[in-house]
Amino acid sequence: MESLIQTINKLQDVFAVVNDNPIDLPQIVVVGSQSSGKSSVLESLVGKSFLPRGTGIVTRAPLILQMIKYTKEDMESMLKITNSTNIKEWACFSHKENIVFHDFDEVRKEIEVQTDILAGENKGITDTPIVLKVYTPLYTLTFVDLPGITKLPVGNQPTDIEEQILQLILKYVRQPNAIILAVVTANTDPATSESLKIAKQWDPEGARTIAVVTKLDIIDKGTKSDKVDLLCGKVIPVKLGIIGVVNRSQKDLIENKTLEETLKNETEFFRTNYPDICKKHGNKVLADTLQHILIKHIKKTIPILRKNLQDTKTRLESELKTLEIADCEKTFVLELLNDINKSYCETVTGDRKDTSDQMLIGGAKIVNIIQDNFYKKFMEVDPLDNLSDKQIENYLLNTSGIKKSSLVNHKALEIMVSKQLENLIEPALSFVDVVREEMFNILDSIDQKLLDDLERFPKLKNDVRSTLDDLLEIKLKNIKKSIKSYIKTHQKILNTTNPNYLLELINSSTECHSSFIQNKGQYYSNIFSNKSTSNVYSEFENIEKEIVHNMYTNILSSMGGLNDYKNEINVQVKLHKQFTRCYFEFTRNTLRDFVPNRINHKLVNFVLKKFDKKLKADVFMPFTNNPSSGRMLVEKVGVAEERQRKEQLLNAVNKAFKSLNEIQRQ
């Protein structure tokens, strides 16, 4: 079943080419602090010294290390390139195809060169992986070797090097399908191990973590009994096991001690120092255990991998469809403009099938603006704002001249009502601007695919937006003019016999309300029995007179009667103050419906009817008639590169599918 691992290797290969791994691959991720023996563990498993060594950060790029137990076919492929029958182990890099490395010192040098190319020479790191295939007679196994965890920058390392390394490690270990190989040194407290801290954070149950204990051969003899508990799994809570190893020392590397000799010495070390558990530890046990775990894990995750690949393929195909280059530019532009108009209108009218459940959009938002913005602001205007009792008194006296003011001074009332209604003009006209702005903003909430198309072509996007902007501007001045004129009409011509105004007067006074309730039957009878318009008007005048009389009597009574001239003026002031308030409220209630209705009719409906025609005239026809306007479909900077990247990734996904399908035939 080693071929299962090689299938995952192929997936790693194809995604490494595009430096993008859209699916969660089952792979062993090696995590450890600097100088924890991480590199020595990998070299012992491979049986070769090939990893860069030195102080500070040596591993600065993810190294995907694929050990492959070679077949006869692999050997024949190698011979075609080298013509050498003496090579028993060799390596290849994905970035240098058809080049065989049989000198592992050269492998080390190539890793260093490629690291500098990818990460620069300033000790920075990169998330672009290096893929190394090592063909060996031993076994098939795959690792992702990551930079060692460090706390402090050294030399010319970036000041945030710790955070950079941590983010790179997390990119791999937080994937649910990753097996975490946490390297722990025997001469330090496991509670302080950085690799175990990371493993516990992302695998709190320890279900996908295996710990490797290094440097057992350099601890004090007095602490060996403590290490038995550690090696038996009583200290570190991981479920995939804890395996101790003894790797080649620096002296062994210098003397070029063979793998066989190293394994023999390691076996003797465990037999001598840990006789009861010696068969459960060592590099050979580690390799067998990791291979077993990885194969079992791959089998378990195959259905998930297949689904993730299918989802990724579907997503990429959909995204590429929005980035495809049109065969016929005219047809593409015309269809796009038709779709934009359709989506815009449906957004306003509420007919979209993909309507949002997260926020208000389109026509619903306009209605919401009417409720929360216009009505609130409109109804908050004080009917008597900046109109004092003294001003009312002056109006009454100045409009009476040398005559005594009548019970209802229509001249003064007309002046005061006109002055107060002026306060409604600004909120009414500002609401026109609010709706106009929202009508323009609705373009940003149409179907996302259409927005993506517009974003792709800046010139086309600008033309469409300008067209809508111009269309909205066409009616703006006329609407404001008509609304202002409507308010001005109410300012200049008062109708004090309007039933709605009379109702405001009735409701403003307890005395009037009681009188109306008592006599409403008679009022209705008189109104509906008169068939002549003039007679009906006369009846409303009678009602007005009675209401005014009751209000006057009520105010007079509350002030103790007409004791002097000044008291009479005060009664008149209170009476006309109430007239002004009631007429203002009556007019405002009329305007509250008129203004939104006028805007809906003259602006919203106008745009819905004319947008399509305007797009054709201002966008499509110039594009059709003027060849130089072909720049309309010049793509935004970066779109071509994004399309190419997605095409490469889709190609990688298709190759991955092909590799995954090979498992079913095994």
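This is a predicted model: local features need pLDDT of at least 70, side-chain atom pairs count only at pLDDT 80 or more; totals for chains, interfaces and linings use all residues.
Reader: Which strands are the edge strands of the open sheet?
Author: The sheet is open and is formed by 9 strands with mixed pairing, in the order β4-β3-β5-β2-β6-β1-β7-β8-β9. From one strand to the next, the twist averages 25°. An edge strand pairs on one side only, and the strands that do so are β4 (96-101) and β9 (242-244).

Reader: In β7, what is the bridge partner of Gln 27?
Author: In general, strands of a sheet pair through backbone hydrogen bonds, either parallel or antiparallel. Here strand β1 (residues 27-31) and strand β7 (residues 178-185) run parallel and are joined by 5 bridges. Within β7, the residue that partners Gln 27 is Ala 178.

Reader: At about what angle does helix α3 run to β4?
Author: Helix α3, which covers residues 72-82, lies across β2 (63-69), β3 (90-93), β4 and β5 (130-136). Its direction relative to β4 is given by an angle of about 90°.

Reader: Which residues of α14 are buried?
Author: Helix α14 has 12 residues and reaches 16 Å from its first C-alpha to its last, which is close to the 16 Å expected at 1.5 Å a residue. A residue counts as buried when its relative accessible area is under 20%. In α14 the residues that are buried are Ala 412, Leu 413, Met 416, Val 417, Ser 418, Gln 420 and Leu 421.

Reader: Are α14 and α17 roughly parallel or roughly antiparallel to each other?
Author: The axes of helix α14 (residues 410-421) and helix α17 (residues 458-492) come within 8 Å and cross at roughly 160°. Angles over 145 degrees count as roughly antiparallel. The two helices α14 and α17 are therefore roughly antiparallel.

Reader: How do the residues of the contact of α14 with α17 divide into nonpolar, polar and charged?
Author: On the α14 side, Glu 414, Ser 418 and Leu 421 take part, and they meet Ile 487, His 490, Gln 491 and Lys 492 in α17. Sorted by kind, the residues of this contact are 2 nonpolar, 3 polar and 2 charged.

Reader: Why does Lys 484 count as partly exposed?
Author: Lys 484 lies in helix α17, and, leaving aside its neighbours within four places in sequence, Lys 484 is in contact with Ile 425 and Leu 429. Lys 484 is also 60 residues apart from Leu 424 in sequence, with 9.3 Å between their C-alpha atoms in space. Partly exposed covers the range between buried, under 20%, and exposed, over 50%. Lys 484 counts as partly exposed because its relative accessibility is 37%.

How values were computed:
Residues are numbered from 1 along each chain as its sequence is written. Side-chain values use heavy atoms; hydrogens and water are left out. Axes are lines fitted to C-alpha atoms, for helices over the stretch in contact, and angles run from 0 to 180 degrees between N-to-C directions. Helices (H or I, at least four residues) and strands (E, at least two) are DSSP runs, numbered from the N terminus. Angles under 35 degrees count as roughly parallel, over 145 as roughly antiparallel, 65 to 115 as roughly perpendicular and the rest as oblique. Contact means heavy atoms within 4.5 Å. Ala, Val, Leu, Ile, Met, Phe, Trp, Tyr, Cys and Pro count as nonpolar, Asp, Glu, Lys and Arg as charged, and the others, Gly among them, as polar. Buried means under 20% relative accessible area, exposed over 50%, partly exposed in between (1.4 Å probe, protein chains only). Two strands pair if DSSP finds at least two bridges between them. The expected span of a helix is 1.5 Å times one less than its number of residues.
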